[in-house]
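Here is a short report for a first look at this structure. Keep the view open while reading.

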Amino acid sequence: MASGGPALESLVDQIISVITNDGRNIVGTLRGFDQATNIILDESHERVYSTKEGVQQLVLGLYIIRGDNISVVGEVDEDLDARLDLSLLRAHPLKPVIH
């Protein structure tokens, strides 16, 4: 593992949530990263939000996200996440980041 920062190092083998520049929310287990902050997620899924129906979860499996497409990385509280009923959540999808 290269230096993607000490913060990412502490999240290896933990479940994280990644918000990409195009507004996607991808959740999975961080397996690795490199100096360009490219990350590898295992057992990942994308959470697709809607104002009309609950959150859809699209299975992605092993997934690589380029570092230049990452806006936010955060640790997921597994207990809190397990208690959420995603079918009841309604939200506007995130808009893409405009540079």
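Arg31 and Asp13 meet through their side chains in a salt bridge, with N to O at 2.8 Å. This pair links distant parts of the chain: Arg31 sits in strand β2, while Asp13 sits in the loop between α1 (6-9) and β1, 18 residues apart. The model is a predicted one. Arg31 is partly exposed, at 35% relative accessible area. Asp13 is partly exposed as well, at 49%.

Arg31 also forms a salt bridge with Asp42, where the closest N and O atoms are 3.4 Å apart. Here too the pair links distant parts of the chain: Asp42 belongs to strand β3 and Arg31 to strand β2, 11 residues apart. Asp42 has 23% relative accessibility, so it counts as partly exposed. Shared partners join Asp13, Arg31 and Asp42 into one network of salt bridges.

## A second tie across the chain

Another salt bridge joins Arg24 and Glu46, with their closest N and O atoms 2.9 Å apart. Arg24 lies in the loop between β1 and β2, and Glu46 lies in strand β3, so the pair ties together parts that are 22 residues apart in sequence.

Are the two partners buried or exposed? Arg24 is partly exposed, at 23% relative accessibility. Glu46 counts as buried, at 12%. The cut-off for buried is under 20%. Across the whole structure, a search finds five salt bridges.

How many of the nine residues of strand β2 are buried? Strand β2 covers residues 25-33, and eight of its nine residues are buried, so the strand is largely enclosed by the rest of the structure. Arg31, in strand β2, is partly exposed at 35%.

Strand β2 pairs with β1 and with β3. Strand β1 (residues 15-20) runs antiparallel to β2, and five bridges join them. In this pairing, Ile19 stands opposite Asn25 of β2. Strand β3 (residues 39-48) is also antiparallel to β2, with seven bridges between them. Val27 has His45 of β3 as its bridge partner.

## Two hairpins

The hairpin of β1 and β2 has four residues between the strands. Within this hairpin, Gly23 takes a positive phi near 90°. Arg24, the salt-bridge partner of Glu46, lies in the loop between these strands.

The hairpin of β2 and β3 has five residues between the strands. Which residue in its turn has a positive phi? Thr37 does, at about 60°.

## Patches on the surface

Which residues make the nonpolar surface patch? Ile40, Leu62 and Ile64 make it, over about 310 Å². Ile64 belongs to strand β4 (residues 56-65). Ile64 counts as exposed, at 59% relative accessibility.

The surface also carries a patch of negative charge, where Glu75, Asp77, Glu78 and Asp79 gather. Glu75 is placed in strand β5 (residues 70-75). Glu75 is exposed, with 56% relative accessibility.

## Looking back

Strand β2 is joined to β1 by five bridges and to β3 by seven.

Key:
Residues numbered from 1 in each chain as written. Predicted model: local features only at pLDDT ≥ 70, side-chain atom pairs only at ≥ 80, totals over all residues. Heavy atoms only, no water. Buried < 20%, exposed > 50% of the residue type's maximum accessible area, 1.4 Å probe, protein only. Pairing = 2+ DSSP bridges. Patch = residues over 30% accessible without salt bridge, like charges linked within 9 Å, V, L, I, M, F, W, Y side chains within 5 Å. Areas by Shrake-Rupley, 256 points an atom, 1.4 Å probe, with all protein chains shown as cover. Salt bridge = Lys/Arg side-chain N within 4 Å of Asp/Glu carboxyl O. Lys, Arg positive; Asp, Glu negative; His and termini not counted. Charge placed at Lys NZ, Arg CZ, Asp CG, Glu CD.
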